[in-house]
Amino acid sequence: MTKNLLVLLFVSGLLTATSSATPAKGSTIAQEELVRNTQELFDAVAVGNQEPWKKYFAEDAMYFDEKGRNMNKAALVKDIAPLPKGYSGTIKIARVQSHIEDNIAILSYDMDETETIFGQNLTARYHATDTWMLRQGKWQIVAGQVLRYYEDPAPGKTDAAKFAEYIGTYELAPGTIMTVTAEGDHLYTQRGDRPKDELFPEAPAIFFRKGIEGRRLFHYADNGKVDTLIDRRNNEDVIWKKIK
């Protein structure tokens with residue numbers, strides 16, 4: 001074997017090793033970069049800047065938002081519009097988790113939203129999970145899903161004088177009973193041997209339980225007396241008839 005051939009083989013091996021040790025441009029991504037890209041998306045929302053959404057979402061992306069809408073990229077980009085006059089807001093990414101492997105990156109995070117509407121301040125919390133994929137040298141979102149954290153409504157004033165109208169036993173079906181009791185200015189419901197649930201007033205005859213989505217309403221019959229307790233869940237009602 002000649003000296004020149006030995007040198008050629010050595011250089012060839014060196015180049016091969018260097019090539020395999022150095023990933024192609026854009027082939028890896030870190031959580032920090034995903035967070036920067038995602039924050040760029042949400043910084044663009046209030047001003048209605050569609051460009052980051054065009055950039056970071058794949059053409060065949062699927063997106064499911066907190067309102068239950070199933071949108072493709074065209075619909076999602078079209079939905080990005082400036083806030084109305086008198087409105088302002090921000091969305092900040094927080095509490096991030098990720099799983100990155102080969103050409104797939106999953107980013108899961110909270111969105112802390114603040115919004116000001118003609119001087120009135122509002123807040124909301126959402127959770128989102130995005131799946132990024134490396135295709136043709138570009139990392140883009142191919143699927144995203146958002147949910148909104150449940151928040152209790154603002155409590156209203158307690159009218160303990162009305163509690164006597166609510167107190168009693170309500171029946172869903174034979175043997176399935178709920179009782180309504182009061183202790184001072186606190187109103188409770190209880191099913192069987194389960195612990196009592198305190199009802200907090202939202203509006204007249206409308207109550208909520210802390211940390212539980214839905215409402216409990218007391219319905220008045222034409223004679224002016226309470227005849228049913230309505231357990232409202234996602235705008236659907238379960239009716240409990242007052243039996244005593």
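**Exercise 1.** Determine how the lining of the largest pocket divides by residue class.

*Solution.* The lining of this pocket comprises 16 nonpolar, five polar and eight charged residues. Here Ala, Val, Leu, Ile, Met, Phe, Trp, Tyr, Cys and Pro count as nonpolar, Asp, Glu, Lys and Arg as charged, and the others, Gly among them, as polar. The model is predicted: local features need pLDDT of at least 70 and side-chain atom pairs pLDDT 80 or more, while totals for chains, interfaces and linings use all residues. Residues are numbered from 1 along each chain as its sequence is written, and side-chain values use heavy atoms, without hydrogens and water.

**Exercise 2.** State the volume of the largest pocket and locate its centre and lining.

*Solution.* The volume is about 750 Å³, meaning the space filled by probe spheres set on grid points joined across faces, edges and corners. A pocket is an open set of points on a 1 Å grid over the protein atoms alone, where a 1.4 Å probe fits, with protein on both sides within 12 Å along at least five of seven lines; lining residues have an atom within 4 Å of a point. Of 29 lining residues, Val-45, Glu-66, Lys-67, Ile-91 and Glu-113 lie nearest the centre. Two or more lining residues come from each of β3, β4, β5 and β6, strands being DSSP runs (E, at least two residues) numbered from the N terminus.

**Exercise 3.** Give the strand order of the six-stranded open sheet and identify its edges.

*Solution.* The order is β2-β1-β6-β5-β4-β3, with mixed pairing; two strands pair if DSSP finds at least two bridges between them. Strands β2 (70–71) and β3 (87–101) each have a single partner strand, so one side of each lacks a neighbour in the sheet. Within the sheet, β1 (residues 57–64) and β6 (residues 138–148) pair in the parallel sense over four bridges. Tyr-63 has Gly-144 in β6 as its bridge partner.
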